[in-house]
Amino acid sequence: MNSMGRGFSRRDVRRMAHSSGKRNSAKRLEEEMTILEQVPPDLQSRLKDVLSQQEEIKVAISTDLQFDGTYGKDWVLVTEKRLIAFNRNGAPTPEVQNIPLEDVESIEIRELHGNNIMKVRTQAGAVEVARYSKRFAPKFAEATPEIESLIDKVKPEALDESKRHRKYVASGKKIRCETCGSPIPRRSDVCPNCVEKGKLIFRLLKYALPFWRVSAPAVLIMMVVRLVDLYPAVLSKQLIDDIFVPATQAITNGQQPEPGAFGQLVLIVLLMVGVNVFTMVASAIRGYMMAWVGQNITLKLRNDAYQHLSVLSLDFYEQRDTGNLMSRITQDVGRLRDFISEGLQNIIGDSMALIYMCIIMFAINWQLALWALIPIPLLIFFTIFFGQKMHKVFHVLWKHYAGISTILASTIPGVRVVKAFTREKYEVGRFRNLTDLIFEGEMNAAKLWTVYHPIMRFIIFFGMIMIWLVGGRQILNDQLTIGGLTLFTNFMMRFFMPVQTLCRMNERFLRAATSAERVFEILDTPPSVADSKDAIDLPDIRGAVEFRDVVFSYDSEKNALNGINFTVKPGEMIGLVGHSGAGKSTLINLITRFYDPQHGEVFIDGHDTRDVKVSTLRKQIGVVLQDPFLFEGTVADNIGYGKPDATRKEIIAAAKAANAHDFIVKFPDGYDTKVGERGSRVSGGERQRISIARAILKNPRILILDEATSSVDTETESRIQEALGRLIQGRTVFAIAHRLSTLKHSNRLIILEEGKVDEIGTHEELIAKGGTYAGLCEKQMELSKIRAL
């Protein structure tokens, strides 16, 4: 059977059994999301009693929920004649609903919280045939118009056109990982199961390559220091075997020590002092060099992450908390700096020290060296065992720390609202709940470490006992000198300390790997709106805008715009009217190309917006929002934000055109007055006029006004309307407003209803038509009369 080419007949049922071989995860995902799935064997025999001889199944889709709320598969099958639903409802044998297509009036999708229900409406009533989670919504959205087309063939023109479902267009968002088949987190495009921590660290180290001229000498210095640092232990062996032991024996025998013994002692002591001074100075130089490398890597990584954030599309930010992103750029990158500048040095240095000591120990006494290495496998085993548990703890902790950043990022700028509603206790409670979770997580980590470290210490103690037993026996058998045993004991302390440090480094390694995963997730997320390879610079435009059969959905389930068609001439002012959720803001988001339509085209002066560079498009579009955003800085900085090279004269001219100059010069510092975070030090009307001045200075060919006067008093609105009157001259303008009186300058009005163009025309034409717009005007007039009373 071809998976999509045709249906299957009754004769084909036996050939529809699932193959017994194990499919890979990507194949399972592909089959799971198709609208012509393979029917399981237990249902195939039941189809024999339902299907006619030549009847072919055109749609076969499974669910992941049953009507009793449990997880499980129900099935919906559709042929040219009937719709068949298999519903188990917790029973071992599914119930069968057989609905002739000629009885179907409509197919309905009822959207619930966390799941949807497919209904089939007939003359006898509505029948629920499938319940499924949001994950299966794209599959059912694609299957529904196919079912409607089969109904058309049985009874043409029977379905209500207004209730038809448009053909589903995928958004491109991955639902499951193509490698392992695991669900992709909603706020990520990266599969956490397929991220390899080792590769993350090696990828992080690639950032060090540009600084190899500093890092390579630092590593060489470290290798020399670690080798020289072992020399005092060798000198101690020489001191005991060649000076102290012979001197003790001579004194015991009533003889004088050799005359040059004291001079040898002084020489060895001076060598020890020189070695320590050398290692101290060299270690300080190496530490500074590695710190410089670490800071430079952090600088580049942080800048790269922020630069990539700047090109990501709006949907990325809408799916993530601000505090979460802030913690990745600050805290996570800081942990990576700590790992590179300090942790990595310790890993390499301790590893080299272990190698040097092993060489020396095996050279002196290979039998004793072998006994000394017996505890190493136990150290490695417990390090890996506890490391896996610690990673889970740290991953949860980082999320809680990011949650604290999110709370701070929302409550500090919104402190006025918090105090106005006396919600201080509530916000403090939220913060305390999160810090309690962090405390609990840190204590869970502490429990693991309090078990881990004693085990490590006992293993080290066991190694020391082995050295004393085996080494002591060799001394008694005259196979080892006292100086050799002392050197071994010294080396064992040195040997196990680096091993223990490396074991503890597992904690730092896991922290760095987790932080690297969070930072690289940002860098690996592609922007959903990006320039194509052959994108061109958009030339200076006149302002013509055209929508051709545009379909757009935010969630790949319900269309925010559903078949939008209209044309706007250069210089026209278009008023966008409709209820909340009708699609007004979505429409202007497509003009500015904050999003791309899933179907259809948006043209600016005959250029498809997807064929031009985003920067050259947005440079010619100005936006004045309902809640204008001002950046921390001066008034002049905010007015000139869209034109960084603007002169003070141009800034003042724009402010005068926006009726903002008079109140700006009354500020203590005039145009150099700080507006505060998000413009908190100026009023709402002042923020609005500053944003209008910013748009005037940019001099866009297309202007978008999004409820620019909805939240100000009458006098301020009058000043803003006067400024807008200057701003809209000679430009193509799209204005959104709920107060219809603010659209009096519009050449035409576009009335949107449930993502479709319901009406289009001038004010007089729409009033005469007596449709949706006329009804809205009548309601607002009645409301105005009530207010007047």
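Colleague: Why does lysine 139 count as buried?

Modeller: Its relative accessibility is 0%, and buried means under 20% relative accessible area, exposed over 50% and partly exposed in between, with a 1.4 Å probe and protein chains only. Lysine 139 therefore counts as buried. This is a predicted model, in which local features need pLDDT of at least 70 and side-chain atom pairs count only at pLDDT 80 or more, while totals for chains, interfaces and linings use all residues. Residues are numbered from 1 along each chain as its sequence is written, and side-chain values use heavy atoms, with hydrogens and water left out.

Colleague: What makes the pair of lysine 139 and glutamate 37 a salt bridge?

Modeller: The closest N and O atoms of the two are 2.8 Å apart. A salt bridge is a side-chain nitrogen of Lys or Arg within 4 Å of a carboxyl oxygen of Asp or Glu, so the pair of lysine 139 and glutamate 37 qualifies. Lysine 139 lies in helix 3 (residues 137-154) and glutamate 37 in the loop between helix 1 (25-32) and helix 2 (41-48), so the bridge ties together parts that are 102 residues apart in sequence. Helices (H or I, at least four residues) and strands (E, at least two) are DSSP runs, numbered from the N terminus. Glutamate 37, at 5% relative accessibility, counts as buried.

Colleague: How many salt bridges does the whole structure hold?

Modeller: The search finds 15. One of them joins aspartate 596 to arginine 593, with the closest N and O atoms 2.8 Å apart, and both of these residues are buried. Another joins lysine 643 to glutamate 650, at 3.2 Å.

Colleague: Why are lysine 643 and glutamate 650 called partly exposed?

Modeller: Lysine 643 has a relative accessible area of 26%, and glutamate 650 has 30%. Those values fall between the two cut-offs, so both residues are partly exposed.

Colleague: Which residues have the most contacts inside the largest nonpolar core?

Modeller: Phe491 and Phe495, in a core of 42 residues. A nonpolar core is a set of buried Ala, Val, Leu, Ile, Met, Phe, Trp, Tyr and Cys residues joined through side-chain atoms within 4.5 Å. At least two residues of this core come from each of helix 9 (322-364), helix 10 (366-372), helix 11 (376-411), helix 13 (424-476) and helix 14 (482-524). Helix 13 gives the most, with 11 residues.

Colleague: What is phenylalanine 495 in contact with, leaving aside its neighbours within four places in sequence?

Modeller: Its partners are Leu354, Met357, Cys358, Met361, Leu373 and Ile376, where contact means heavy atoms within 4.5 Å.

Colleague: Why is one side of strand 9 and of strand 12 left without a neighbour in the sheet?

Modeller: The open sheet has four strands in the order 9-8-11-12, with antiparallel pairing. Strand 9 (559-568) and strand 12 (607-608) stand at its edges, so each has a single partner strand. Two strands pair if DSSP finds at least two bridges between them.

Colleague: How do you know that strand 8 and strand 11 pair?

Modeller: Five bridges join strand 8 (residues 545-553) to strand 11 (residues 599-604). At least two are required, so the two strands pair. Phenylalanine 547 has valine 602 of strand 11 as its bridge partner.

Colleague: In which sense do strand 10 and strand 16 pair?

Modeller: Strand 10 (residues 573-578) and strand 16 (residues 748-753) are parallel, over five bridges. Strand 16 also runs antiparallel to strand 17 (residues 756-761), again with five bridges.
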